[in-house]
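Trainee: Could you walk me through the charged residues in this one? I would like to go slowly.

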Amino acid sequence: MHKNKKIVLFYQASSPFSNFHPAKFTVKIENEEVQFNCSEQYFMYQKAILAGDPESGEKILEMTKPLLMKRAGRKLKMSQEMLKEWSSKSSDVMFKGCLEKFSQNENIRLALFRTHGMSLAEASARDKLWGIGLSVTDLRSEDRKQWKGANKLGKVLEKVRDQLWETEEFERDRQRVEAENLEKRCEELEKF
């Protein structure tokens with residue numbers, strides 16, 4: 001949480017909103033249950049599959065460190081056509097991975113629900129696509145007009161939050177968070 005209580009900035013793996021945050025979830029892929037240990041693993045696995053490289057996909061599934069998963073995804077050999085297709089599908093892939101991550105893990109779903117009505121922003125100074133292009137410590141990060149990046153991850157997480165918020169299955173969680181006042185919600189978010 002930052003000084004601006006309408007924006008939740010995140011970056012470190014300790015934040016449940018980070019793709020590096022440990023969170024086990026299972027996704028049915030081609031009639032097989034596949035387990036992931038974080039949303040970064042799901043994202044890079046899907047990239048390997050799109051690249052036609054199931055061997056790299058299997059290696060990514062065996063990894064435990066998200067940074068290594070990310071590096072493996074960057075090393076995939078992809079044609080211009082594949083890159084274009086990945087670019088057009090990557091937000092949907094991220095949405096699916098994050099939807100599964102938060103729907104299958106109550107503690108981080110509650111953290112996501114506590115941001116209801118707030119903007120989520122990945123405060124990565126080096127990432128102008130998925131992040132805001134500014135760090136958490138940069139005061140400009142508190143002002144959307146000064147962001148240098150597209151914040152695709154923040155937007156995906158807001159979409160996931162809104163969909164889960166309206167899902168009947170999670171009504172109890174929504175009611176629990178609604179009963180908390182804003183100050184309590186911010187205190188809970190600051191723990192990350």
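Predicted model: local features only at pLDDT ≥ 70, side-chain atom pairs only at ≥ 80, totals over all residues.

Trainee: What do the side chains of Lys96 and Glu100 form?

Mentor: They meet in a salt bridge, with 2.8 Å from N to O.

Trainee: And is Glu100 buried or exposed?

Mentor: Glu100 is buried, because its relative accessible area is 15%, while Lys96 counts as partly exposed because its relative accessibility is 33%.

Trainee: How many salt bridges are found in the whole structure?

Mentor: The search finds nine. Another of them joins Glu180 to Arg114, where the closest N and O atoms are 2.9 Å apart. That pair links distant parts of the chain, since Glu180 sits in the loop between helix 7 and helix 8, whereas Arg114 sits in the loop between helix 5 and strand 4, 66 residues apart.

Trainee: Why does Arg114 count as buried?

Mentor: Because its relative accessible area is 8%, and the cut-off for buried is under 20%.

Trainee: Changing topic, which residues form the positive surface patch?

Mentor: Arg71, Arg74, Lys75 and Arg126 form that patch. Arg71 lies in helix 3, residues 66-74, and it counts as partly exposed because its relative accessibility is 44%.

How values were computed:
Residues numbered from 1 in each chain as written. Heavy atoms only, no water. Patch = residues over 30% accessible without salt bridge, like charges linked within 9 Å, V, L, I, M, F, W, Y side chains within 5 Å. Areas by Shrake-Rupley, 256 points an atom, 1.4 Å probe, with all protein chains shown as cover. Salt bridge = Lys/Arg side-chain N within 4 Å of Asp/Glu carboxyl O. Lys, Arg positive; Asp, Glu negative; His and termini not counted. Charge placed at Lys NZ, Arg CZ, Asp CG, Glu CD. Helix = DSSP H or I, 4+ residues; strand = E, 2+ residues; numbered from the N terminus. Buried < 20%, exposed > 50% of the residue type's maximum accessible area, 1.4 Å probe, protein only.
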